[in-house]
Amino acid sequence: MKKLNLAIIGQGRSGRDIHGKHFKSERNTKFNVVAVVELDEVRRQRALEEYPGCEVFENYSDLYNRKDIDLVVNATYSQDHFRITKELLENGMNVVVEKPFGANRFECETLINLAKKNNVTLGVFQQTFFAPYYLGAKEVIASGKLGEIKQIDVTFSNFARRWDWQTVQSKLAGNIFNTGPHPIGIGLGLIDFDPNAQVVFSRLDHVLSSGDSDDYAKIIVTAPNKAVVDIEINSNDAYPVWNIKIIGSKGTYKSDVYNYEMKYIVDGENPEQPLVMTSLMDENRYPIYCSENLITHEEKGQYVGDAFDVGTQSFYEMMYAKLTENKPMEVTPQQAAMIINVIETAHAQNPLPVKF
């Protein structure tokens, strides 16, 4: 199997500790890192050691002199994603861009159309769509065990402060731009990226973190004949207990990244009770409450792997198949654009003061 040549722009937490970690691991069997772009001299020198045989550059435009690069990973600062990806596509390069895809739907559509015009491949690094816990939730919905899905809750919250660039609006930062593409993507994915999905309520606030961006977010999305999707991305939740909860007409499923539980009823095992239009009472005519012991079924289990190992590997296997065999991508830029549309709407509904 031929390995493809790959360049990484950026050696920060994403470029080095997510993408780079994968390419240096045994999981990577499909790509050779032949070039690294990084502004910091110390990080450039470290890249020479960590990616044997690679070439390092200070400016990403130097990549245009190499004709052997099959794919470029854009892991730059969030506010630079659109500008740099656009230039890479204009120069005929295949690109994977980190999330967030862009600042707004217009930027996303611009990149999608540019990739099509130049006949190059564009991928958005939404690796959570390959995470076992997300795929497990989709399987549960598809199984029908929960009946008709009424509500989907997705929570990516903690109790912690940040004080880095990811707290500044001018850096295209904040919880919903930084963390948000994962839970918002999960919510949209569990209603099949319905094109009629709309934000029916949102609230953003600034609570604990430095900077001027959101670190409290509540977003509710739904579409006709689809479940209500309730999304929370908060830094002031001291008791987060799960990431996904699915409530159906026959039961409930919940999971974190590695563990899941489900309780549900089965058709025919709990015959419908006859309706009583008067007050309920016992044989001594004392009032009683409507109560019964439903026959239920419970399932518990664990997921192996997460978005950062299994998810990253599967994402790059998808990119490899697209580049070598032109196979359709399971995670598309169009889906990522829908995620950004939700984020853009929430910001439009909740403008926060820009201080920096």
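Predicted model: local features only at pLDDT ≥ 70, side-chain atom pairs only at ≥ 80, totals over all residues.

Reader: How many disulfides does the structure have?

Author: In general, a disulfide is a covalent bond between the sulfur atoms of two cysteines. Here, a search of the whole structure turns up zero.

Reader: OK, on to the sheet. In what order do the six strands lie?

Author: The general idea is that strands of a sheet pair through backbone hydrogen bonds, either parallel or antiparallel. In this open sheet the order is β3-β2-β1-β4-β5-β6, with parallel pairing. The edges are β3 (55-57) and β6 (122-124); each has a single partner strand, so one side of each has no neighbour in the sheet. On average, neighbouring strands are turned by 25° against each other, ignoring direction.

Reader: Can you show me one pairing up close? How many bridges join β1 to β4?

Author: Four, between residues 4-9 of β1 and residues 71-74 of β4, and the two strands run parallel. To find your way in, look at Leu6, whose bridge partner in β4 is Leu71. Then look for helix α3 (residues 81-90), which packs on the sheet and touches β1, β4, β5 (95-97) and β6. The direction of α3 makes about 175° with that of β5.

Reader: What does the side chain of Asp194 reach?

Author: The backbone nitrogen of Asn196, at 2.7 Å. There's also a polar contact of 3.1 Å between the side chains of Asp194 and Lys226. Leaving aside residues up to four places away in sequence, Asp194 touches Ala223, Pro224, Lys226 and Met338.

Reader: Now zoom out for me. What does the secondary structure of the protein come to?

Author: Nine helices and 14 strands. The C-alpha atoms fill a box of roughly 90 × 50 × 35 Å along the principal axes. Of the 356 residues, 49% are buried. The protein exposes about 18,100 Å², and carbon and sulfur atoms supply 49% of that area. As for contacts with a separation of 6 or more, 72% are between residues 24 or more positions apart.

Key:
Residues numbered from 1 in each chain as written. Heavy atoms only, no water. Pairing = 2+ DSSP bridges. Axes fitted to C-alpha atoms, helices over the stretch in contact; angles between N-to-C directions. Contact = heavy atoms within 4.5 Å. Disulfide = S-S within 2.5 Å. Buried < 20%, exposed > 50% of the residue type's maximum accessible area, 1.4 Å probe, protein only. Areas by Shrake-Rupley, 256 points an atom, 1.4 Å probe, with all protein chains shown as cover. Polar contact = N/O pair within 3.5 Å; in protein donor to acceptor, adjacent residues only side chain to side chain.
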